[in-house]
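Please read the following report with the sequence and the model side by side, and look up each residue as it is named.

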Amino acid sequence: MASSPVPAAGWSYDLTGPGHAAAVASLLRALPAPPQLLALGEPTHGEPAFPHLRNRILEALVAHGFRSVAVESDRVAAFHVDAYVHGGDADLETVLTRGFSHGFGQLDANRELVAWMRAYNDDRPSAERLSFHGFDAPLEMTGAPSPRRHLQHAHTYLVEHLGPDTFLHGRADLDSLLGDDERWHDQAAIMDPERSVGATPEAAALRVVADDLLTTLHAHAPALTAATSRAAWHRTRVHATTALGLLRYHAQAAQKTTPAARTSRLLAVRDAWMAQHLLDIRTDEQDRGPTLVFAHNRHLQRHPSTWRLADMDLRWSSAGAIVSALLGRRYAVVVGSLGASAALNLAEPAADTFEGALGRRTALVDPAPLRRAGTLRTRTDITPEQGYFPLDEATLEHCDALLHVDATRPAPSEADIADRILTLPEVTVVRADEASGVPPSSWGERFFFVGPDRRRPFATIVAHDTTGFDEDSQLDRPGVFRVNLDIGRQEFQHRFGYPPAQCAVHRPSVDFTTLDQILPHPAYGTHGWACVLNPGVRSTAEFHRLLAYAHQRALQRHRRSLDRRHRPQG
């Protein structure tokens, strides 16, 4: 069924082209007050367009003073990512594996984000550098780990710098209280309180220990920060609060009540924990600038969260509801919504639904017209496997803006891409043919130039391998083509996190056959070229940005050449 437009006038800022900076600037002007935390929600973890758009939005927010991003990932694990983006020695693959929870390190968008942040921070003063935070707990829906490593971290830090006889529990035998980690990890304990370790005398004793360690850490903060550093102290505080949070979570898992009440309370404990992390992050970042927060809508929305799961009606206060109650207008939330999605096999919404009324757009949208429409409904064509939480009246009533995504637009063809490039100023195209001297397999390939120069294209479109030279993309697959862009050495490092000269080192980690993903050029990456095979919804925003950048570089070269040509001699 065809979608209808938004039912009444309201602002809408397109995100499908290169104009992200203008769209984000307009969004900030539309908010009721400048936020300290700008929350950007996604309605499902299964649509890749949302984290890719997050990256473009963060890049634009930097110009407005934002200096950090916090994502739905383990707070402690995120220390690995933050160290890396500040120039740490670890390799990117290790950082993605150790620095994200929930498997989020496997997402292309997170790889892109981490590489970009590292490149952005390079050679910038500390006050201008971007920081990376996780604000989630080290939990999964199926279980919670032992607090062992977090307790031991805090205990070891205090013993090393204060001595074991200067504070409570300095000589505590943590191992005997913790016992076997398997009883903490037991997944059955989340569903069966009888299996949970959370109500045992040992768990109660450990909760007292964790609380006392945290008190000691604060009581001796002047001496400890002088002996180590503020960063080391803060890291230890996060470990101590994580240990305490895990013990609280296990205690809640041991409560005997109805499954719905028990699960709702576990969700509430997690979101309260997330809220405290966000408030702590704001304390850490308050002198540097606002923070972009990215997570599922259910963690960021202002109103109570609800979820129908396995015949249980769950209800709890989200992290966003808690933070909004405490920060007021300093917390702003942009809720994600999804029209149709090829990735989720989610069909186009009916015209009388909220998503249907938003139409086939990918944009930041004013929710006010949808609130006033009166005749729209929540969509019901969703399966549990798709994991999509649709828009409803309460969500619209309590958000500041919508990030609506339509992920079903057909991928542009070679001709579509060529037409788009030719709309740029002063661009001409040369098609390879027999007279150009290239092999017959390359006839028809396009080379784009600015001005009369025909030696240095800024973009090319190719659809065939060059035997013995350029075969890694496997372009001879039916329907596959590649767009190549000359983005230069500086932007290459900015985009991929390493200079072109290191392409050979990173080559084993790149799959050059991947479609719809910005990649180093398999043959000319060492010269600062990037490429994308069959650009589509995942790469469209970044592709258009890099295309504009490559064109601007070529245009500047052309104009410098004209200046030299017309400069008076003598």
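Predicted model: local features only at pLDDT ≥ 70, side-chain atom pairs only at ≥ 80, totals over all residues.

R235 lies over the face of F79, at 5.6 Å from the ring centre. A charge is said to sit over a ring if NZ of Lys or CZ of Arg is within 6 Å of the ring centre and within 35 degrees of the ring normal.

Residues are numbered from 1 along each chain as its sequence is written, and side-chain values use heavy atoms, with hydrogens and water left out.

**Helix α5**

Y120 belongs to the buried residues of α5, which also include W116 and V114. Helices (H or I, at least four residues) and strands (E, at least two) are DSSP runs, numbered from the N terminus. Helix α5 covers residues 108-121, and its 14 residues reach 20 Å from the first C-alpha to the last, close to the 20 Å expected at 1.5 Å a residue, where the expected span is 1.5 Å times one less than the number of residues. How many of the 14 residues of α5 are buried? The helix is mostly covered, with 11 of them buried, and buried means under 20% relative accessible area, whereas exposed means over 50% and partly exposed lies in between (1.4 Å probe, protein chains only). These buried residues pack against several elements, including α2 (49-61), β4 (131-136) and α19 (488-496). After the helix comes D123, whose phi is positive, near 70°.

**Nonpolar cores**

A nonpolar core is a set of buried Ala, Val, Leu, Ile, Met, Phe, Trp, Tyr and Cys residues joined through side-chain atoms within 4.5 Å. The largest one has 48 residues, and those with the most contacts inside it are L38, V114 and F132. To this core α2 gives the most, with seven residues. Leaving aside residues up to four places away in sequence, V114 touches V81, Y84, V85, L92, V95, L96 and F100, where contact means heavy atoms within 4.5 Å.

**Aromatic pairs**

The structure holds eight aromatic pairs. Rings of Phe, Tyr and Trp (its six-membered ring) pair if their centres lie within 6.5 Å, and planes under 30 degrees apart count as stacked, over 60 as edge-to-face and the rest as tilted. Two of the pairs are set out here.

| Pair | Centre to centre | Angle between planes | Kind |
|---|---|---|---|
| F100 and F132 | 5.5 Å | 70° | edge-to-face |
| F496 and Y498 | 6.5 Å | 35° | tilted |

Because F100 lies in the loop between α4 and α5 and F132 in strand β4, their pair ties together parts that are 32 residues apart in sequence. F100 counts as buried at 7% relative accessibility, and F132 does so at 2%. Both F496 and Y498 are buried as well, and ring pairs link F492, F496 and Y498 into a cluster.

**Cysteines**

The structure holds zero disulfides. C503 counts as buried at 11% relative accessibility, and C531 counts as buried at 3%.

Key
Disulfide = S-S within 2.5 Å.
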